[in-house]
Amino acid sequence: MNQCDLAVIGAGPAGMAAATEGARLGLDTLLLDEQVAPGGQIYRNAEGMRPGDFALLGDEYRRGAELAAAFRASGAHYEPGSTIWHVGADGTLGVLTGTGARLISARRVILAPGAMERPVAIPGWTLPGVMGAGAAQTLLKASGQVPDVPVVIAGSGPLTWLIACQLARAGVAISALLVTTPADRIARALGHLPRALRAGGELLKGIGWIREARSRGIRIVTGVTALAVQGEGRAEALTFTTASGRDSIPASIMLLHEGVIPRIHLSLAARCRHVWDEAQLCWKPETDAWGATSLDRIAVAGDAGGIMGASAAETLGRLAALDAASRLGRISTVERDRTAEPQRAALARHTTVRPLLDQLFRPLAGLLTPDDDATIICRCEEVTMADLRDAVAQGATDANCAKLLTRCGMGPCQGRMCGPAVAAVIARAQNVPVEAVGTWRIRFPVRPLPLAALAALEGGLDAEPEE
Amino acid sequence: MTRAIVIGGGLHGMSTAIHLRHKGVPTVLLEKNVTGQHASGVNAGGVRRLRRHPAEIPLAVAALERWMNLPSLLGRHAALCGFVAGVGQIAIAENDADLRWIEQRAAEVRTLGWTHEEVIDRAELRRLVPALAEHCIAGLISRQDGHAVPYLTSQAFRLRALELGVELHEQARVVGLDRTADGWRVIASRGAFEADLVVNCGGAWAWQVAEMIGEHLPRTYFAPSMMVTARMPRFLEPVVLGIGRKLSFKQSETGTVVIGGGINGTPDLDGDRADPRPERLPISARTVCDLFPIMRRAVIVRTWAGLEACMPDEIPVIGPSIVAPGLFHAFGFSGHGFALSPVVGALLAELIAEGRSSLSLEAFRADRFNSTGQA
């Protein structure tokens, strides 16, 4: 199918809900997703779970199967295994499925690519043996793979506690959980506690993970700073500083995590307007209450529009679909607003815990601008902090200048890993807000595209038109 | 003392400013974005004499000599350009029509008194480009030609200009151009500047500068697009050009393969940006896969497009304004100005300081177009 009313990108909670709602409202809906089955990162392999798996992963995981079932029954078209390599402001999508590329035209597009782990650029972070906590969780969910040696977990955020519990349940030895959340943050965050408690389940889940980690006897070290990976050719030890001085824990597998940030390459490629979120230290697309962006045909739903969590994502997906149906003339704005009421109430419930989490787990400012000159910022092109500082000294005033001078962000990941750091380094050097520095100019292919697939592109022009 | 304002911080503007400083002329350089942001920094980087318009051959030959002696132009920044000489540029004949074309072309260039373009047979072609597809039958080569890294070259020009005392203002967009009693007043978004003469190196926007004093020059511009692959094992030394099909093809020092050749993207003059069009690039991808079977395994990681003025006869305007003394133009390089930048700035500086240039600029006169800016 090369034309549709509504194209939804991503089959996580936001995408599944948006596609389900879009089809229910009578829109010819197509959901495109990179994975082979619905669920996204959070509910990966949601349809393949056996009853015992919920004991390992947690009961909240059942919601993924419910969403997937509703989506399967909705009548929306579904193309798994599809990578998006182009998003045009006019609703054109470049899709790669298997080895075949084609262009699709959608009257409205909802981008729901979710979140990615924030890169944790500490000395030695590119050594083999270092990985993101979220990446370890992906392996656990997708194929039940767990490390067969003791692991160290370090960082900040709910996922560090959750992965510690999940791995411990699976029998993995956890040498230590190093918590980088500063103690004074915890005190300040308590101010948000009364409101957060109204969220009930959300907060209790997190407290449950902390309690479980402690009761399992996991060694927990708080007030950790100055993390650095040591090792020759591969990770051998994680060193760090606490109130009692410098310390080190030997490990060959270490899981780092400093929260997640929106995946913005699709909205950047479409040229939606983006803003810098100073609380979360990340870029996000500017959206209205329906997820509509600065572009007429493009909306964003879920964590890709700002980190809100899985339950909120589901609601935001439905709201974006309602707005799509209204814009495409399927329902009136009155009906849209009326139908949205319970969704808005649910959203308020799901987001009461955010101010607490944002305050508590706000990444340290220094995380994006490491002091150590040898720290690699762009791992694709091995560009270090020193290289970036040189580029700034040479006159790089924005992210694109720095990219051209250093090759930073030119590798296969297209700057996904180094984008926030590059903007922050330049901003600090020039003493301007990060927003003034701007982020990458992203053009297609948003994901690497085989030349042979482009050569055989369906929907392309056979000859270049004369201008 | 004579003072100059150069409008446009691309390679030609920076080269002109550098050469004016060599002659002791105080020079202000105004750039509306940042130096090298447009065509200068994002082109294919070819340093080519091959297949030049006959009028451009003397410039291209003189330019290569200057590329071979970059330190005299750029001092300690010369190495930054990543200039590689002598790998050759080769236009590939895929069929008999192409072959007849290259034979005619080589004869024409010889008649003009030049010897750098040479027809090579299939065996020599295969020796130089072993990865080429079997069906290719001959080539037209210029053996001393090479390539450089455009953005880093722009950066080297910038650093050299600053070192020589050029007064550079970036984010300074020219919005007005007025004659004064004895010279010019240039009004920019970052203040007004006065000088005895003005050089317009505004690239795709140069016609707008000319319009400010009522001079009508061609308004044509385009956005040639480029693609680059992930790093590949080394398989190609020379730069390869198409004859019957649009192609410019080379493997960079890092192993990435850079594919260009003039497939047009969407130019956005007011937005200061250009974007490639995905629906137009399959034809380029097919050309590459046909000519280089190894490229069927290649993966495209980035594409981009640059904004560039394109004259109706595809050669630049270089020389004095038609309507106003003390104003000079150098723009409209039509997608092949990168290699010429070291020499064009030098010729303009000669023209300005001494009243004549050491190479003829007759063919590039602004008055070759009619009053509405048509050729």
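**Exercise 1. Determine how far apart the mean positions of the positive and negative charges of chain B are.**

Solution. Begin with the counting rule: Lys and Arg are taken as positive and Asp and Glu as negative, while His and the chain ends are not counted. Each charge is then placed at NZ of Lys, CZ of Arg, CG of Asp or CD of Glu. On this basis chain B has 39 positive and 38 negative charges, and their mean positions are 4 Å apart.

The model is predicted, so that local features need pLDDT of at least 70 and side-chain atom pairs count only at pLDDT 80 or more, whereas totals for chains, interfaces and linings use all residues. Residues are numbered from 1 along each chain as its sequence is written, chains are lettered from A and ligands numbered from 1 in the order in which they are written, and side-chain values use heavy atoms, with hydrogens and water left out.

**Exercise 2. Describe the overall build of chain B, asking what its radius of gyration is.**

Solution. The radius of gyration is taken over C-alpha atoms, and the globule rule is 2.2 Å times the number of residues to the power 0.38. For 375 residues this rule puts a compact globule near 21 Å, and the 20 Å of chain B agrees with that. Along the principal axes, the C-alpha atoms of chain B fill a box of roughly 65 × 45 × 45 Å. Chain B contains 10 helices and 23 strands, where helices (H or I, at least four residues) and strands (E, at least two) are DSSP runs numbered from the N terminus. Of its 375 residues, 61% count as buried, a class defined by under 20% relative accessible area, with exposed meaning over 50% and partly exposed in between (1.4 Å probe, protein chains only). Finally, among contacts (heavy atoms within 4.5 Å) in chain B with a separation of 6 or more, 71% are between residues 24 or more positions apart.

**Exercise 3. State which elements cover the buried residues of α3(B).**

Solution. Helix α3 of chain B runs over residues 57–68 and reaches 17 Å from its first C-alpha to its last, close to the 16 Å expected at 1.5 Å a residue; the expected span is 1.5 Å times one less than the number of residues. Its buried residues are B:I57, B:L59, B:A60, B:V61, B:A62, B:A63, B:L64 and B:W67. The cover over them includes β3 (46–47), α4 (70–74), α5 (96–111), α7 (150–163), β22 (317–320) and α10 (341–354) of chain B.

**Exercise 4. Find how many residues of α15(A) are buried, and what follows the helix.**

Solution. Helix α15 of chain A (residues 419–430) has 12 residues, and nine of these 12 are buried, which leaves the helix mostly covered. The buried residues include A:G419, A:P420 and A:I426. Just after α15(A), A:N431 takes a positive phi of about 55°.
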